[in-house]
Each structure stands twice: as structure tokens, then as C-alpha cells.
Amino acid sequence: MAHAPPAGVALTAIGVALIRERESRRPDRLYDDPLAAAFVAAAREDFHRTVDGAARWSRVESLAEQFFAGRSVGVRLVDDRVADAVAAGCRQIVLLGAGLDTRAFRMDLPAEVTVFELDLPELFAFKEPVLRAAGARPTARRHVLPIDLRAEWSTALRAKGFRADLATHWIDEGALGYLPVAEHRRVLADLTALSAPRSRFGLSRFVVDHDAPPYAELRRLVAGGTGAGDVERPGERWLAEHGWRTEFVAWDDMIVPLGRDVAVGDPDVGVVLAVRGHA
């Protein structure tokens, strides 16, 4: 039986699954994730078995609703970058803090692509039984690594068959923001060392009011911090200094083709798109 993470950072993955499930029901959906409904159903059932689970589940649903508009568009933008990376020749995709991600199943990735999913053991203890019960089959090769990013993850990644001589697309959809600054920097250094020429990475640049009600509620639910705050973390300059070619793309420019009203009106908010240069 799958047991949904009741607290901690892994809980945020359930919120994102709720967002993907809702988006998939829209007639104008930006993507379709049939497996999101299976995760939501399993998590809801598991929550309701506990004494205060129904109330806690309502809080998770309410929080997902508050983050829905921007987060759902963010999922689609990452989908687009994955498709671009595969088209450009990346044959390895590494998800740092994969959560309940299903891109290996839903994006019709080529069989010669290998997807590596890294996340906490308790996350995969919930995710894998749900996938098995749903009869889910990835189109690409898929390997899961139940590991904390604060541990020595790069050795475990190589042991799973990762090849540092192949171009890789690295994905972070918020996991690095939960790490202390020193660990954040170490993860970036490790992935840089593993990145062959033409590897890709996207680094978000957002202004977040951590005292705003949704973020305060997120802190209470996961019983921990919500990320960087005002502490400076490695960014565009760090990437450029370590051999990445960088280009900043504003959020408001990226969302124009999607037709969703989620503009922020700040030209400094967006994503640093980085491509590993030749040695």
C-alpha cells in the first residue's frame, strides 16, 4: 500500500500533482497528465485514514488552488524545455527533486532517452506503488534514485548508468531552493562536473514574498523553510564563471504563446537558460 508523505518537503509533490490533475481536466489544458489523478486519489485516501487527515488534505487542496495559475504554466514551460533539449540531442534527463513527475510516461520521449529521477526515499515509497497499480509504462528508460540531494548523489547517479560524456538536460523545479546555500552550491558544482558539452540547465529567477499568506501556509504544512529568502545563491554569474553559456528569458515573454493571464510585470523575473560550453 502506498503511503503519502504526511509532512516535509515531499508533501509539496502532492500539491503539484493536484495542480497537474486540475490542468488535465481543462478543455484548454496546456498538458495532459493522466497519472496525476492516480496520485491524487491515492494521497487523498491515505490522508483520510488519519485522525486529522481530512482537515490537512483540505489545506493541501486550498494551497494548490492558490498556486495553480502560475505553477501550472511553469509545468508547461519545463515541458517545452525538455522537448527542445531532446530535439537538440540530449539523451539524458535528470530531475533533481523529481517529486511525482511523470514526464517519462506522458511526453512520448524517445526510447533512447534515459530519465533519472532523484528524490527522497519516502517520496518514491509512495510514487512507485501508485505507478505499478496504474500499470504505467514509461516510453523512455527510467531510473529512480531514492536519495537526499544533501548526500553524495553523483556517485549513485553514475552507478545507475549515468554517462558524463553524453549531453544531459538537468531539471530543478524548486528542490534546490530548499537546500542551504552551501549545499545548493555543491549540487550545482557536481552537476557542472557531470555535464558534457551541450548539456542544459534552467535556473529560475523569481522575486518571492515569503511572508505572503500562501508561502506562510506552505511553511506551516511542510514544517520547514520555503527556500532562499533574502540569502544570495549561485545564479547567472556563477554559471557563466563555470563554463555555461547563459541567456535570460523573462517570464512575461515566455508565457505569451500560452494565453494564460499570469504576467508579473517585472522584466527581471524569468529563467536563466544555460548551455554547457566546450571545454
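This is a predicted model: local features need pLDDT of at least 70, side-chain atom pairs count only at pLDDT 80 or more; totals for chains, interfaces and linings use all residues.
Reader: What makes a space a cavity, and what makes it a pocket?

Author: On a 1 Å grid over the protein atoms alone, a cavity is a set of points where a 1.4 Å probe fits but cannot get out; a pocket is an open set with protein on both sides within 12 Å along at least five of seven lines. By this rule there are 2 cavities of 30 Å³ or more.

Reader: How is the volume of the largest cavity defined, and what is its value?

Author: Grid points are joined across faces, edges and corners, and the volume is the space filled by probe spheres set on the points. For the largest cavity this comes to about 50 Å³.

Reader: Which residues count as the lining of the largest cavity?

Author: A lining residue has an atom within 4 Å of a point. The residues lining the largest cavity are V78, R81, H169, W170, I171, D172, E173 and G202. The largest share, 4 residues, comes from β4.

Reader: How are the residues of that lining classed?

Author: Ala, Val, Leu, Ile, Met, Phe, Trp, Tyr, Cys and Pro count as nonpolar, Asp, Glu, Lys and Arg as charged, and the others, Gly among them, as polar.

Reader: What lines the second largest cavity?

Author: The second largest cavity holds about 30 Å³ of space. Its lining consists of L95, L96, G97, A98, I171, D172 and E173, and β1 (92–96) and β4 are the elements that give two or more residues to it. By class, this lining divides into 4 nonpolar, 1 polar and 2 charged residues.

Reader: Which elements line the second largest pocket?

Author: The second largest pocket contains about 320 Å³ of space. It is lined by 17 residues, of which D80, R81, D84, R200 and L273 lie nearest its centre. At least two lining residues come from each of α3, β5 (200–205), β6 (244–250) and β7 (270–276), and α3 gives the largest share, 4 residues.

Reader: Why is α2 called oblique to α5?

Author: Axes are lines fitted to C-alpha atoms, for helices over the stretch in contact, and angles run from 0 to 180 degrees between N-to-C directions. Angles under 35 degrees count as roughly parallel, over 145 as roughly antiparallel, 65 to 115 as roughly perpendicular and the rest as oblique. Helix α2 (residues 34–47) and helix α5 (residues 121–133) pack at about 120°, with their axes 10 Å apart. Therefore α2 is oblique to α5.

Reader: Which residues make the contact of α2 with α5?

Author: Contact means heavy atoms within 4.5 Å. From α2, L35, A38, F39, A42 and A43 meet F126, K127, V130 and L131 of α5. These residues divide into 8 nonpolar, no polar and 1 charged.

How values were computed. Residues are numbered from 1 along each chain as its sequence is written. Side-chain values use heavy atoms; hydrogens and water are left out.
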